[in-house]
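Thank you all for coming. Please look at the sequence and the structure together for a moment, and then I will take you through them step by step.

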Amino acid sequence: MTTVQIPQRMDFAAVAPKVFKAVLALDAAARQGLDPVLLELVQIRASQINRCAYCIDYHTGDARRGGESEGRVYQLDAWQESSLYTAKERAALALTEAVTRLPGGVPDAVYGEAARHFEEQELAQLTALVFTVNTWNRMNVTTRKTPGTQ
């Protein structure tokens, strides 16, 4: 099997280190108080939607190292059809999809369901996490960051 080499356009961290460090700081702040399993599911799902190969590779690896099952990782793209996710995870994934696909807005029902499962502070952290993973996705897709590199 021959793979296709897709060249990276830019090393964003080297070219814009202050911006990169600011996103790292936002990422660290957004993670505070969130369940590590939920955190990875949200980041994988947003990365799938945004077609960020680097982030999908990165976060599925982190999820597996954190003990996430292969089945839950594989079925994440079809989470609505799967019985492997809790009601709280499903609410987080629905919110992730709505925020990631923002031009359609965040429906009141989606926000309300998330608010039912998350305390206000945790909901704010979850929302910030979705903002952050979308920032990483846009940075890495634009620069064509190569999966498998750290």
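**Surface, fold and core of a predicted model**

Residues are numbered from 1 along each chain as its sequence is written, and side-chain values use heavy atoms, with hydrogens and water left out.

Now to the fold. The protein chain has eight helices and zero strands, helices being DSSP runs of H or I with at least four residues, strands runs of E with at least two, both numbered from the N terminus. The radius of gyration is 16 Å, close to the 15 Å that the globule rule gives for 150 residues, so the protein chain is as compact as a globular protein of that length; this radius is taken over C-alpha atoms, and the rule is 2.2 Å times the number of residues to the power 0.38. Along its principal axes, the C-alpha trace spans about 45 × 40 × 30 Å.

How much of the protein chain is buried? Buried residues make up 40% of the 150 residues, where buried means under 20% relative accessible area, exposed means over 50%, and partly exposed lies in between, with a 1.4 Å probe and protein chains only. Of the contacts with a separation of 6 or more, 66% are accounted for by residues 24 or more positions apart, a contact being heavy atoms within 4.5 Å.

A nonpolar core is a set of buried Ala, Val, Leu, Ile, Met, Phe, Trp, Tyr and Cys residues joined through side-chain atoms within 4.5 Å. The largest one holds 17 residues, and those touching the most other members are V42, A92, L95, F118, L123, L126 and L129. Two or more residues each come from α3 (36-49), α6 (87-100), α7 (108-117) and α8 (120-143), and α8 gives the largest share, five residues. If we leave aside residues up to four places away in sequence, V42 touches A92, L93, T96, L126, L129 and V130. There is also a second, separate core of eight residues, which includes I44, L76, W79 and L93.

Some single residues deserve a careful look. L34 lies in the loop between α2 (17-31) and α3, and with 9% relative accessibility L34 counts as buried. Again leaving aside residues up to four places away in sequence, L34 touches L39, E122, Q125, L126 and L129.

In R51, phi is near 55 degrees, a positive value in a residue other than glycine. R51 sits in the loop between α3 and α4 (53-65) and, at 71% relative accessibility, counts as exposed. R144 likewise has phi near 55 degrees, but its place is in the segment after α8, and R144 is partly exposed, with a relative accessible area of 35%.

Finally, E113 lies in helix α7 and is partly exposed at 29% relative accessibility. E113 and A92 are 21 residues apart in sequence, and their C-alpha atoms are 8.7 Å apart in space.

Technical notes:
Predicted model: local features only at pLDDT ≥ 70, side-chain atom pairs only at ≥ 80, totals over all residues.
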